[in-house]
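Below is a short briefing on one protein model. Look over the sequence and the structure before reading the points that follow.

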Amino acid sequence: MSKVCFLVDCTVSMEAHWRSIREEIAFIILSGMPSTEYAFVGYRDIGDQTPLMVIEFTSQKDLILNKMYGVRPKGGIDTAEDVAG
């Protein structure tokens with residue numbers, strides 16, 4: 001079984017690119033093999049109210065896509081992003 005995790009900057013600075021990001025991730029997921037599991041980790045700045053949004057590995061494509069489409073870019077107070085988190 002293959003596993004793919006998408007690590008995405010979800011700060012406001014990415015807002016102009018957000019639609020394209022989601023479309024590309026959706027294309028990858030929908031064209032992937034049925035046995036592949038996908039996860040999503042969205043990160044924001046350290047100190048933001050929700051610095052990390054984690055969608056655990058799943059093979060349920062609709063589940064991960066619905067949750068991912070619920071994520072919106074926000075935060076970003078120009079401190080370091082919480083990539084390491």
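A polar contact is a pair of N or O atoms within 3.5 Å; within protein, one atom must be able to donate a hydrogen and the other to accept it, and residues adjacent in sequence count only if both atoms are side-chain atoms. The side chain of T58 reaches the backbone nitrogen of Q60 at 3.0 Å. This is a predicted model, in which local features need pLDDT of at least 70 and side-chain atom pairs count only at pLDDT 80 or more, while totals for chains, interfaces and linings use all residues. Residues are numbered from 1 along each chain as its sequence is written, and side-chain values use heavy atoms, with hydrogens and water left out.

**Overall make-up**

- The protein has two helices and three strands; helices (H or I, at least four residues) and strands (E, at least two) are DSSP runs, numbered from the N terminus.
- Read from the N terminus on, the order of the elements is β-α-β-β-α.
- Of the 85 residues, 39% count as buried, where buried means under 20% relative accessible area, exposed means over 50%, and partly exposed lies in between (1.4 Å probe, protein chains only).
- Contact means heavy atoms within 4.5 Å; among contacts between residues at least 6 apart in sequence, 68% join residues at least 24 apart.

**The sheet**

- Strands of a sheet pair through backbone hydrogen bonds, either parallel or antiparallel.
- Two strands pair if DSSP finds at least two bridges between them.
- Here an open sheet of three strands has the order β1-β2-β3, with mixed pairing.
- Its edge strands are β1 (3-9) and β3, each of which pairs on one side only.
- From one strand to the next, the twist averages 10 degrees; axes are lines fitted to C-alpha atoms, for helices over the stretch in contact, and angles run from 0 to 180 degrees between N-to-C directions.
- Seven bridges join β1 and strand β2 (residues 37-43) in the parallel sense.
- In β2, V41 stands opposite L7, and A39 is the bridge partner of C5.
- Seven of the seven residues of β2 are buried: E37, A39, V41 and Y43 on one side, and Y38, F40 and G42 on the other.
- Helix α1 (residues 18-30) lies across β1 and β2, and runs at about 180 degrees to β1.

**T58 and I64**

- T58 is in strand β3 (residues 52-58) and counts as buried because its relative accessible area is 12%.
- Apart from neighbours within four places in sequence, T58 is in contact with T36, E37, Y38, L63 and I64.
- I64 is found in helix α2 (residues 61-69) and is buried, with a relative accessible area of 2%.
- Apart from neighbours within four places in sequence, the contacts of I64 are I29, Y38, A39, F40, I55 and T58.
- I64 and E37 are 27 residues apart along the chain, and their C-alpha atoms are separated by 9.7 Å.

**Cysteines**

- The structure holds zero disulfides, a disulfide being a pair of cysteine sulfur atoms within 2.5 Å.
- C5 counts as partly exposed because its relative accessibility is 41%.
- C10 counts as buried because its relative accessibility is 0%.
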